[in-house]
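Reader: I would like to go through this model with you. Could you take my questions as they come?
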Amino acid sequence: MILGSNLRTIVIGLMLILASALAPHLKPTVIMADSMAAVNLEQMIPDQFGEWHKERRELEQIVSPENKIMLAKIYNQTLTRAYLDNYGTRIMLSIAYGGDQNDEMKIHRPEVCYAAQGFQVIKEKTDTVSTEFGSIPIKRLLAVQGNRIEPITYWIRVGDKAVVPKGLQQKLAQLRYGLTGKVPDGMLVRVSSISADEKDAYRAQDDFIKAMLAAMNKEDRARLAGSFQD
């Protein structure tokens, strides 16, 4: 088992070295988003689904003015909303879409974004959310600032697949497209809530994600979470 893991690491490392060496000669030129239907996040994400409905008051964003300017340069569109269920549970949703999924998009990862706003990210782990359509590879974070405790769930879509939100997996997905001369689009979807009960917060976030995906049409669902394997 250990030998297999080491071999896989070596193979991946060699692939990255080879891809880096070939990169100057295989620079992707075809922007996949140019041949796809335009993304409109406001229309794509329903205002109401399952037990959740959009909160009408404006949501305070955890983004500094400087970061807003930077994000506007990196992403084509962003969407930030808050939702409430019938019991008053509040979920915050943040989506960032980029037609050119390049290395700069990793700047907006929650680990980086929250730390830049003075939070401490004290826990992180990879996980999956199982939906009726299949599983999504996700990352769980726990961010703390003073008395504010914020469990976070997020995923990244590169091209037609959601990838494990780690640098290596995301890079390999980009390289897979790059070697075919294509530049994939990408989506970062973040769901969070303010709660000291970490377990209950993640359960509510999973329920929110499942209900949101179930309320979307197949095409929009694929743009948000990629195609499902199981």
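Reader: Which residues of α6 are buried?
Author: The buried residues of α6 are A201, Y202, A204, Q205, D206, F208, I209, A211, M212 and L213. Buried means under 20% relative accessible area, exposed over 50%, and partly exposed in between, with a 1.4 Å probe and protein chains only. Helices (H or I, at least four residues) and strands (E, at least two) are DSSP runs, numbered from the N terminus.

Reader: What kind of model is this, and how are residues numbered?
Author: This is a predicted model, in which local features need pLDDT of at least 70 and side-chain atom pairs count only at pLDDT 80 or more, while totals for chains, interfaces and linings use all residues. Residues are numbered from 1 along each chain as its sequence is written, and side-chain values use heavy atoms, with hydrogens and water left out.

Reader: What span should helix α6 have, and how far apart are its end C-alpha atoms?
Author: Helix α6 (residues 198-214) has 17 residues and should span 24 Å at 1.5 Å a residue; its end C-alpha atoms are 24 Å apart, which agrees. The expected span is 1.5 Å times one less than the number of residues.

Reader: What does A201 touch?
Author: Leaving aside residues up to four places away in sequence, A201 touches P151, S193 and S195, where contact means heavy atoms within 4.5 Å. A201 is buried, with a relative accessible area of 4%. A201 and R90 are 111 residues apart in sequence, and their C-alpha atoms are 9.7 Å apart in space.

Reader: Turning to charges, how many salt bridges does the count come to?
Author: The count comes to 13 salt bridges, each being a side-chain nitrogen of Lys or Arg within 4 Å of a carboxyl oxygen of Asp or Glu. One of them joins the side chains of K139 and E124, at 2.8 Å from N to O. This pair links distant parts of the chain, with K139 in strand β7 (residues 134-145) and E124 in strand β6 (residues 120-131), 15 residues apart.

Reader: Where do D200 and R203 lie?
Author: Both lie in helix α6, three residues apart, about one turn of the helix. D200 and R203 form a salt bridge, with the closest N and O atoms 3.0 Å apart. D200 is partly exposed at 34% relative accessibility, and R203 is partly exposed at 44%.

Reader: Now the rings: how many aromatic pairs are found?
Author: A search of the whole structure finds five aromatic pairs. Rings of Phe, Tyr and Trp (its six-membered ring) pair if their centres lie within 6.5 Å; planes under 30 degrees apart count as stacked, over 60 as edge-to-face and the rest as tilted. F49 and Y83 form a tilted pair, 5.1 Å centre to centre with 45° between the planes.

Reader: Which cluster do ring pairs form?
Author: Ring pairs link F49, W52, Y83 and F208 into a cluster. F49 and Y83 are both buried.
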